[in-house]
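Take a look at the sequence and the model below.

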Amino acid sequence: MTQTALMQLAYISDCHSGTTHATVAGIHQQAKRNNAVNKVTGVLLTTDKHFMQLLEGEPQQVEQTYQRIRQDARHSNVRLIFSRSIAQRQFPNWHMGLKRVLDEAEHSDLQAIISMYGQREQFSAQQADAISLLFTSL
Ligand SMILES: Cc1cc2nc3c(=O)[nH]c(=O)nc-3n(C[C@H](O)[C@H](O)[C@H](O)COP(=O)(O)O)c2cc1C
């Protein structure tokens, strides 16, 4: 039996200063609905300045979803961190998990990392590995 190829992709973007809880909730609802249909899974991290998202699934579905997301006016400066094939999904049960990374002691490391990567325009292989590990720890 042939196994379906899977890929995983991560990006970081800038959110607008006026991004509200309701905006994020709306994005999350839309993401969960579409991703359930497209068999896309992953997680969306939000801070007061950035979105960082991991998408996984069949390559065509992941690419199409990413292209729609890139054009979305609710964020800007969408930068790819990594894109690669994977043997199995990391978040098989989440059509889109949401984690709001707030400025709390619990999240301060995660917030610092997202903020640091949010300043960058390009990502080295090492930085991509570091981000990949960060998603593993969620
Ligand atoms: C930060 C962010 C994350 C998003 N994540 C997803 C996603 O995982 N899946 C998805 O289909 N749309 C996602 N969207 C929404 C898409 O950009 C786009 O609005 C949507 O896919 C269009 O769907 P519709 O044709 O059902 O309106 C996201 C948007 C933003 C700003």
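Helices (H or I, at least four residues) and strands (E, at least two) are DSSP runs, numbered from the N terminus. Helix H1 (21-38), strand E3 (50-57) and helix H2 (59-70) each supply at least two residues of the shell around the ligand. Before going further, note that this is a predicted model: local features need pLDDT of at least 70, side-chain atom pairs count only at pLDDT 80 or more, and totals for chains, interfaces and linings use all residues. Residues are numbered from 1 along each chain as its sequence is written.

Stay with the ligand. A residue is near a molecule or strand if its C-beta atom, placed from the backbone, lies within 6 Å of it. Around the ligand there are 15 residues, and Ala-31, Asn-34, Phe-51, Asp-72 and Arg-74 come nearest. Which element gives the most to this shell? H1 does, with five residues. The shell is made of six nonpolar, six polar and three charged residues. Here Ala, Val, Leu, Ile, Met, Phe, Trp, Tyr, Cys and Pro count as nonpolar, Asp, Glu, Lys and Arg as charged, and the others, Gly among them, as polar.

Now find the sheet. Five strands form it, and their order is E4-E1-E3-E2-E5. The sheet is open, and its pairing is mixed. Two strands pair if DSSP finds at least two bridges between them. At the edges are strand E4 (75-86) and strand E5 (97-100), each pairing on one side only. On average, neighbouring strands of this sheet are turned by 15° against each other, direction ignored. Such angles are taken between axes, which are lines fitted to C-alpha atoms, for helices over the stretch in contact; they run from 0 to 180 degrees between N-to-C directions.

Go through the pairs. E1 and E3 are antiparallel, with eight bridges. Met-7 stands opposite Gly-57 in E3. E2 and E3 also run antiparallel, joined by six bridges. A hairpin of three residues links E2 to E3. Two residues show this pairing: Gly-42 has Leu-55 as its bridge partner in E3, and Val-43 has Leu-54. Strand E2 (residues 41-46) pairs with E5 in the parallel sense, over four bridges. There, the bridge partner of Leu-45 is Lys-99 in E5.

Helices pack on this sheet. H1 touches E2, E3 and E5, and its direction makes about 170° with that of E2. Helix H4 (residues 125-136) touches strand E1 (6-15), E2, E3 and E4, and its direction makes about 85° with that of E4. Contact has a cut-off too: two residues are in contact if their C-beta atoms, placed from the backbone, lie within 7 Å.

How covered are the strands? A residue is buried if 20 or more other C-beta atoms lie within 10 Å of its own, exposed if 12 or fewer, and partly exposed in between; C-beta atoms are placed from the backbone. In E3, eight of its eight residues are buried. Both faces of E3 are covered. His-50, Met-52, Leu-54 and Glu-56 lie on one side, and Phe-51, Gln-53, Leu-55 and Gly-57 on the other. Five of the six residues of E2 are buried, so E2 is largely enclosed by the rest of the structure.

Return to Ala-31, one of the residues that come nearest to the ligand. Ala-31 is found in helix H1. Is Ala-31 buried or exposed? Ala-31 is buried, because 21 other C-beta atoms lie within 10 Å. Leaving aside neighbours within four places in sequence, Ala-31 is in contact with Leu-44 and Met-96.

Two residues have a backbone angle worth checking. Lys-39 is not a glycine, but its phi is positive, about 55°. Lys-39 lies in the loop between H1 and E2. Lys-39 counts as partly exposed because it has 15 C-beta neighbours inside 10 Å. Asn-77 also has a positive phi, near 55°, and is a residue other than glycine. Asn-77 is found in strand E4. Asn-77 is exposed, since 11 other C-beta atoms lie within 10 Å.
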